[in-house]
Amino acid sequence: MLLDVRNLPRNGFLSPLGMISLLVLSAAILLRAQTSTQSQPAVPTAQTPATAPAISTASSPQSGIPGSTTSPFGTPSQRSGLSIVVLDPAHGGTDPGARGTGGIRESEIVLDMAVQVRRALELQGFQVVQTRQGNDNPSFDDRSARANAQRGAVFVTLHISSTGLPGTVRVYVSSELPPLTDSKGLIPWDRAQAPFLSLSRKFGDLVQGLLAQRFKGSPPTAQAATVRQLRTTAAPAIAVEISSIVVDDRAQLDHMGQGVADAIAEGAAAFRPMYVVPSVPGVAP
Ligand SMILES: [Zn+2]
């Protein structure tokens, strides 16, 4: 099941946990707002005030990258070659996610399925970073931070639904998020996905198309939804939701694992040439 827990501070930009995660991961998330001019990339610096939002925009006149140009492609600050997938088995720990009548738990199935997804991605040449390896429950912000700290990763969160036709799979991308900026031109943490929406849609459509070939009755294209986990992720990001937890036997879901894994891996491989990876973690494309 997909969650949209609106637990973000109203007047803040980063929760304390999120900030700690970012610091630990050395991830000053300086996210350049998508502007029509595609001017200089924002650059994370040690001078970033710890209390300030960690996401800045290109409206700042400063640029620390010598030789950067106005071209969004081929500048010294960017390179092609998406190579990292952050894989998020949702829920875990005290949060079992959706629960079936037979006692099966979403959190356990997605963790097991992540093994297959990881293997399929590695066969496509991707490095895989998992947000959890065991039965723990990192916060939404911690999970997003794993992607936001990487240089040009994509993010995939895995879920089992409690609804929908069993045997089908849906891909969700974040709903439209206006990239609200404050007077300093900073994007709030919970709008981190905004500059990546069109890339997320491309990635999501690729994966959904491959899933539809394997799982009859699945929609042909990705759908937009309000998904808490995606909103704070500064990378192309999708939620993959498998229907459903109401199956009589867990094996019915387990049998879908390889097809789901292959679709995600092949979709990520097809998306790779479409994504010009920024050289600075968290910087918008
Ligand atoms: Zn879920």
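Predicted model: local features only at pLDDT ≥ 70, side-chain atom pairs only at ≥ 80, totals over all residues.
In which sense do strand 5 and strand 6 pair, and over how many bridges? The two strands pair in the parallel sense, over three bridges.

## Overall make-up

The protein has 285 residues, of which 49% are buried. Its secondary structure consists of seven helices and eight strands. Among contacts with a separation of 6 or more, 79% are between residues 24 or more positions apart.

Six strands form an open sheet with mixed pairing, and their order is 3-2-4-7-5-6. Its edges are strand 3 (127-130) and strand 6 (223-225), each of which pairs on one side only. On average, and with direction ignored, neighbouring strands of this sheet are turned by 30 degrees against each other.

In general, the strands of a sheet pair through backbone hydrogen bonds, in either a parallel or an antiparallel manner. Strand 2 (residues 84-89) is joined to strand 3 in the parallel sense over four bridges, and V85 stands opposite V128 in strand 3.

## Strand 5 and its partners

Strand 5 (residues 169-174) is mostly covered, six of its six residues being buried. Its pairing with strand 7 is antiparallel and comprises four bridges; here Y172 stands opposite A239 in strand 7. Its pairing with strand 6, by contrast, is parallel, and V173 stands opposite A224 in strand 6.

## Helices lying across the sheet

Helix 2 lies across strand 2, strand 3 and strand 4 (154-160), and runs at about 140 degrees to strand 4. Helix 3 lies across strand 2, strand 3, strand 4 and strand 7 (237-242), and runs at about 170 degrees to strand 2.

Helix 3 (residues 140-148) is mostly covered, with eight of its nine residues buried. The buried residues are F140, D141, R143, S144, A145, R146, A147 and N148.

I109 belongs to helix 2 (residues 106-123). Why does I109 count as buried? The residue is classed as buried because 25 other C-beta atoms lie within 10 Å, where the cut-off is 20 or more.

When residues up to four places away in sequence are not counted, I109 touches I104, I160, R250 and L253. I109 and D254 are 145 residues apart in sequence, yet 7.5 Å apart in space, C-alpha to C-alpha.

## The packing of helix 4 and helix 7

Two packed helices are described by the angle between their axes and the distance between the axes. For helix 4 (residues 197-214) and helix 7 (residues 257-271), the angle is about 140 degrees and the axes are 8 Å apart. The crossing of helix 4 and helix 7 is right-handed.

On the side of helix 4, the residues that take part are K202, F203, L206, V207, L210, L211 and R214. They meet G259, A263, I264, E266, G267, A270 and F271 in helix 7. By class, this contact has nine nonpolar, two polar and three charged residues.

Conventions: Residues numbered from 1 in each chain as written. Buried ≥ 20, exposed ≤ 12 C-beta atoms within 10 Å, placed from the backbone. Contact = placed C-beta atoms within 7 Å. Axes fitted to C-alpha atoms, helices over the stretch in contact; angles between N-to-C directions. Left-handed = near helix turned anticlockwise from the far one by under 90°. Nonpolar A, V, L, I, M, F, W, Y, C, P; charged D, E, K, R; others polar. Pairing = 2+ DSSP bridges.
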